Amino acid sequence: QVLLAESGGGLAQPGGSLTLSCAASGRIFTMVGMGWYRQAPGKERELVARVNAGGGINYADSVKGRFTISRLNAENTVYLQMNTLKPEDTAVYYCSAHGYYCSPSGCDRPGPHFEDWGQGTLVTVSE
């Protein structure tokens, strides 16, 4: 199993900023993509932003121009810089990652595909 350690959630005022980080650890041969999703009370989980190994990035329309996702490939770490926060950004934010484990015989070749989620970090935007 790949472990995703999230940090950086908390309380921010409208117009404020927060930065989330997520570090993946485990027997990872290669990380294909990492991203952030969020789930607000009473709503379904939705994509916020994601980045693939080649640097391709997707953002939800609701966060374009305000949020920036970045990734340190060598450290299997992804960040989400959130600026100009709005009350509607309030949600539990989940890190996601997918890629390939090391093979059972070693990390010189790929093993099975994985897709894992972090436990979530709460972001609250309020006066």
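Is Trp-117 buried, partly exposed or exposed, and at what relative accessibility? In this predicted model, Trp-117 has a relative accessibility of 35% and therefore counts as partly exposed, because that class lies between the limits of under 20% for buried and over 50% for exposed. The chain averages a pLDDT of 96, and 100% of the residues score at least 70. Confidence is lowest in strand E7 (residues 67-72), where the mean is 94, and highest in strand E11 (residues 121-125), where it reaches 98.

Aromatic pairs come next. Two of them turn up when the whole structure is searched. In one, the ring centres of Tyr-37 and Trp-117 are 5.0 Å apart and the planes meet at 65 degrees, so this pair is edge-to-face; the cut-off for that class is over 60 degrees. Tyr-37 belongs to strand E4 (residues 28-39) and Trp-117 to strand E10 (residues 106-117), so the contact ties together parts that lie 80 residues apart in sequence. While Trp-117 is partly exposed, Tyr-37 is buried, with a relative accessible area of 19%.

Tyr-101 and Phe-114 form an aromatic pair as well, with 5.0 Å from centre to centre and 50 degrees between the planes, an arrangement classed as tilted. Here too distant parts of the chain are linked: Tyr-101 is in strand E9 (residues 91-103) and Phe-114 in strand E10, 13 residues apart. Phe-114 is buried, its relative accessible area being 2%.

Trp-117 returns in another kind of contact, this time with a charged residue. Arg-45 lies over the face of Trp-117, 4.6 Å from the ring centre. The charged end of Arg-45 also sits over the ring of Tyr-94, at 3.8 Å from the centre of that ring.

Elsewhere, attention turns to a sheet. Four strands make up an open sheet in the order E1-E3-E8-E7, and their pairing is antiparallel. Strands E1 (3-7) and E7 stand at the edges with a single partner strand each, so one side of each is left without a neighbour in the sheet. On average, and with direction ignored, neighbouring strands of this sheet are turned by 15 degrees against each other. Strand E7, where confidence is lowest, pairs with strand E8 (residues 77-82) in the antiparallel sense over six bridges. Within this part of the sheet, Ile-69 stands opposite Leu-80 in E8.

Methods. Residues are numbered from 1 along each chain as its sequence is written. This is a predicted model: local features need pLDDT of at least 70, side-chain atom pairs count only at pLDDT 80 or more; totals for chains, interfaces and linings use all residues. Side-chain values use heavy atoms; hydrogens and water are left out. pLDDT is the predictor's confidence in each residue, from 0 to 100. Helices (H or I, at least four residues) and strands (E, at least two) are DSSP runs, numbered from the N terminus. Rings of Phe, Tyr and Trp (its six-membered ring) pair if their centres lie within 6.5 Å; planes under 30 degrees apart count as stacked, over 60 as edge-to-face and the rest as tilted. Buried means under 20% relative accessible area, exposed over 50%, partly exposed in between (1.4 Å probe, protein chains only). A charge sits over a ring if NZ of Lys or CZ of Arg is within 6 Å of the ring centre and within 35 degrees of the ring normal. Two strands pair if DSSP finds at least two bridges between them. Axes are lines fitted to C-alpha atoms, for helices over the stretch in contact, and angles run from 0 to 180 degrees between N-to-C directions.
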